[in-house]
Amino acid sequence: MRRLIGSYGVWDSLVAVAVFCWLMLFDFLFVREVIAGGEVTSQIQFMVVFVNLVGLVVVALPWLTKKAAGISNETISEFL
């Protein structure tokens with residue numbers, strides 16, 4: 001398989017770039033609203049943190065699966 005970005009293949013790279021751009025847009029809109037004086041409730045804070053963590057996992061998943069292949073413990077490898 002051809003690699004574009006480190007251990008990422010072509011499709012992995014496309015998904016990672018798309019999710020990263022979506023996260024950048026999402027964070028930009030959030031920061032713009034905060035700067036404009038919008039109220040940041042605890043629900044909005046939770047949503048921003050949750051969406052960013054899920055997006056980062058999607059971006060890092062190919063790297064995590066490559067690292068999991070080197071783990072000898074089958075239970076941890078199956079979990080990842």
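## Terms and model

A residue is called buried when its relative accessible area is under 20%, exposed when that area is over 50%, and partly exposed in between, using a 1.4 Å probe and protein chains only. By this definition valine 15, with a relative accessible area of 43%, is partly exposed, and its place is in helix α1.

This is a predicted model, in which local features need pLDDT of at least 70 and side-chain atom pairs count only at pLDDT 80 or more, while totals for chains, interfaces and linings use all residues. Residues are numbered from 1 along each chain as its sequence is written, and side-chain values use heavy atoms, with hydrogens and water left out.

## Overall layout

The chain has three helices and two strands, which follow the order β-β-α-α-α from the N terminus on; helices (H or I, at least four residues) and strands (E, at least two) are DSSP runs, numbered from the N terminus. Of the 80 residues of the chain, 19% count as buried.

The chain exposes about 6400 Å², of which carbon and sulfur atoms supply 70%; accessible areas come from the Shrake-Rupley method with a 1.4 Å probe, and for residues only the protein chains shown count as cover.

## The nonpolar core

A nonpolar core is a set of buried Ala, Val, Leu, Ile, Met, Phe, Trp, Tyr and Cys residues joined through side-chain atoms within 4.5 Å. The largest one here has seven residues, namely Ala16, Val19, Leu23, Phe26, Val48, Val51 and Val59. Helices α1 (10-35) and α2 (42-69) each supply at least two residues of this core, and α1 gives the most, with four residues.

Contact means heavy atoms within 4.5 Å. Not counting residues up to four places away in sequence, phenylalanine 26 touches Met47, Val48 and Val51.

Asparagine 52 lies in helix α2 and counts as buried, because its relative accessibility is 16%. Leaving aside neighbours within four places in sequence, asparagine 52 is in contact with Leu23 and Asp27.

Valine 17, in helix α1, is partly exposed, with a relative accessible area of 44%. Although valine 17 and valine 59 are 42 residues apart in sequence, they are 7.8 Å apart in space, C-alpha to C-alpha.
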